[in-house]
2 protein chains.
Amino acid sequence: MRKGEATRARILDEAARQAAVRGLSVVSLNDVAEAVGLSKSGLFKHFDSKEAMQLAVLQSTLERFAEYVWLPASQLPAGRSRLETIFERWIAWSEVENAEGGCLIMAATSELDDQPGPLRDVLQTQQRRWTRTLVKEFQSLREPPLSEAQAQLAAFQMKSFFLGHNENRRLLEDADARALAMAAFRDLLDRTVRGD
Amino acid sequence: MRKGEATRARILDEAARQAAVRGLSVVSLNDVAEAVGLSKSGLFKHFDSKEAMQLAVLQSTLERFAEYVWLPASQLPAGRSRLETIFERWIAWSEVENAEGGCLIMAATSELDDQPGPLRDVLQTQQRRWTRTLVKEFQSLREPPLSEAQAQLAAFQMKSFFLGHNENRRLLEDADARALAMAAFRDLLDRTVRGD
DNA sequence: TGAGAAAGAGCACGACCGTTCACTTTGGTC
DNA sequence: GACCAAAGTGAACGGTCGTGCTCTTTCTCA
């Protein structure tokens with residue numbers, strides 16, 4: 001049983017790589033199998049269908065995201081430096097950890113946001129939870145804590161800056177994309193701590 | 001010759017609709033032809049290849065964007081109300097004018113940002129020009145004008161809020177998405193006019 | 001070490017893909 | 001109203017897609 005788990009992991013890694021570049025629904029079983037060194041039918045010993053594989057790719061990517069971005073930050077005390085760590089790791093997640101195709105979660109979001117199904121459901125659930133996490137972080141940034149509405153506004157801006165950074169970096173090929181996003185985010189933190 | 005232009009326009013409209021929902025590269029010639037009431041081979045009297053059609057779809061969408069968002073704003077005097085109009089029309093462009101599949105330009109950006117070719121080139125050129133336009137608008141928001149760096153930071157935030165609005169509205173199905181984005185944008189305008 | 005399950009290969013299938021080509025119908029112009 | 005180009009049809013192509021099937025190889029555990 002151990003061998004199977006290892007190749008399953010290799011399949012997921014390779015499929016995630018290809019999905020980040022070409023799109024989750026465009027990935028071909030043939031290409032994944034070839035890159036992993038398997039026959040196409042061999043894939044079906046690990047996943048019942050293409051959609052099942054896409055779902056597994058998405059879920060394992062969400063876990064990797066949590067480990068890479070949230071886990072290190074969660075070990076810091078709540079507050080400004082924790083939020084800074086989250087944002088820095090978030091940027092690094094798309095710039096470094098997924099350098100080739102960018103953040104798959106974001107790409108899949110834009111690809112699936114109008115296509116009902118289990119893939120979209122998983123994304124929606126995770127993104128809602130992530131948003132709630134960010135709102136809580138902003139609330140505990142100040143004493144007395146920010147109002148729900150203020151924290152939501154701040155979390156919205158933080159997430160927006162991540163999205164903006166991605167477009168500037170990947171399409172516009174702007175070398176200053178990271179600096180721009182960091183400046184906007186630090187500004188947001190300053191304003192929030194000052195209480196607007 | 002006039003009949004041909006009319007059906008060409010119908011093809012572009014339908015293809016843009018489907019591309020916004022399913023993705024520009026996933027659109028099938030068969031589905032487009034059927035929806036327009038044409039045979040698949042009939043499409044080839046209007047476009048040499050699928051890629052040529054995609055390019056035409058993208059270009060006509062960029063023109064419609066300029067007419068819908070920029071044209072009305074450009075008739076106002078430069079300044080705060082013009083920037084507000086741009087943002088409002090920009091949001092309406094994705095919420096109202098393209099209610100079904102959302103903003104095709106944004107979807108195509110995320111789909112093509114790592115796939116070299118003429119489609120990506122067209123998008124890159126337009127987005128760079130659009131960014132420059134926004135930077136200029138922010139510069140003329142205040143007297144003395146903002147520095148280049150300050151204006152770039154402001155334009156980055158404005159664009160980011162648009163992207164954030166789209167994700168909140170389309171994936172998270174947040175009914176307050178529009179209000180959140182407008183609040184963040186008005187805040188940005190206030191800060192910028194005040195001179196930070 | 002041998003039995004049995006897990007992992008994987010090879011092939012064929014029906015469906016759909018973009019594209020071509022020979023043909024017919026339609027529309028505008030002298 | 002005739003002519004000719006433009007517009008559109010239908011069938012067929014080579015290719016790729018996801019999937020099911022039978023068969024062989026490889027691992028794992030008693």
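Predicted model: local features only at pLDDT ≥ 70, side-chain atom pairs only at ≥ 80, totals over all residues.
1. The largest nonpolar core counts 99 residues, and the members that touch the most others are Ala15(A) and Ala15(B). Leaving aside residues up to four places away in sequence, Ala15(B) touches Val27(B), Val32(B), Met53(B) and Val57(B). As general background, nonpolar side chains in soluble globular proteins tend to be buried together.

2. A word on the overall build of chain A. Chain A has nine helices and zero strands, and its pattern along the sequence reads α-α-α-α-α-α-α-α-α. Along the principal axes, the C-alpha atoms of chain A fill a box of roughly 60 × 35 × 30 Å. Of the 196 residues in chain A, 39% are buried. If you look at contacts in chain A between residues at least 6 apart in sequence, 60% of them join residues at least 24 apart.

3. Next, the DNA. DNA strand C is surrounded by 21 residues, and the closest are Gly4(A), Ser39(A), Ser41(A), Gly42(A) and Ser28(B). Both chains take part: helix H1 (2-22) and helix H3 (40-43) of chain A, and helix H1 (2-22) and helix H2 (29-36) of chain B, each supply at least two residues of the surface near DNA strand C. Sorted by class, that surface near DNA strand C has nine polar, eight charged and four nonpolar residues.

4. Now to the meeting of the two protein chains. Here 34 residues of chain A are in contact with 34 residues of chain B. On the chain A side, two or more residues come from each of helix H6 (104-112), helix H7 (118-139), helix H8 (148-170) and helix H9 (177-194). H8(A) gives the largest share of that side, twelve residues. By class, the side of chain A that touches chain B holds 14 polar, 13 nonpolar and seven charged residues.

5. H8(A) and H7(B) pack with their axes 7 Å apart, at an angle of about 110 degrees. Angles of 65 to 115 degrees count as roughly perpendicular, so H8(A) is roughly perpendicular to H7(B). From H8(A), the residues in this contact are Phe156(A), Lys159(A), Ser160(A), Phe161(A), Leu163(A), Gly164(A), Glu167(A) and Asn168(A); they meet Phe156(B), Lys159(B), Ser160(B), Phe161(B), Leu163(B), Gly164(B), Glu167(B) and Asn168(B) in H7(B). The contact of H8(A) with H7(B) divides into six nonpolar, six polar and four charged residues.

6. H7(B) also packs within chain B. The axes of helix H7 (residues 148-170) and helix H8 (residues 177-194) of chain B come within 8 Å and cross at roughly 170 degrees. An angle over 145 degrees counts as roughly antiparallel, and H7(B) and H8(B) are therefore roughly antiparallel to each other. On the H7(B) side you will find, among others, Ala154(B), Gln157(B), Met158(B) and Phe161(B), and the residues in H8(B) include Ala177(B), Arg178(B), Leu180(B) and Ala181(B). This contact of H7(B) with H8(B) has nine nonpolar, five polar and two charged residues.

7. Two peptide bonds are worth checking on your screen. In general, most peptide bonds are trans. A cis peptide bond joins Glu143(A) and Pro144(A), with omega about 0 degrees, and Pro144(A) sits in the loop between H7 and H8 of chain A. In chain B, a cis peptide bond joins Glu143(B) and Pro144(B), with omega about 5 degrees. Pro144(B) lies in the loop between helix H6 (118-139) and H7 of chain B.

8. Finally, a backbone angle to look at in each chain. Most residues other than glycine have a negative phi. Glu173(A), however, has a positive phi near 55 degrees, and its place is in the loop between H8 and H9 of chain A. Glu173(A) counts as exposed because it has 11 C-beta neighbours inside 10 Å, where the cut-off for exposed is 12 or fewer. For Glu173(B), phi is positive too, at about 55 degrees, and the residue is placed in the loop between H7 and H8 of chain B. Glu173(B) also counts as exposed, with 11 C-beta neighbours inside 10 Å.

Technical notes
Residues numbered from 1 in each chain as written. Chains lettered and ligands numbered in written order. Near = placed C-beta within 6 Å. Helix = DSSP H or I, 4+ residues; strand = E, 2+ residues; numbered from the N terminus. Nonpolar A, V, L, I, M, F, W, Y, C, P; charged D, E, K, R; others polar. Contact = placed C-beta atoms within 7 Å. Core = buried A, V, L, I, M, F, W, Y, C linked by C-beta atoms within 7 Å. Buried ≥ 20, exposed ≤ 12 C-beta atoms within 10 Å, placed from the backbone. Axes fitted to C-alpha atoms, helices over the stretch in contact; angles between N-to-C directions. Parallel < 35°, antiparallel > 145°, perpendicular 65-115°, else oblique.
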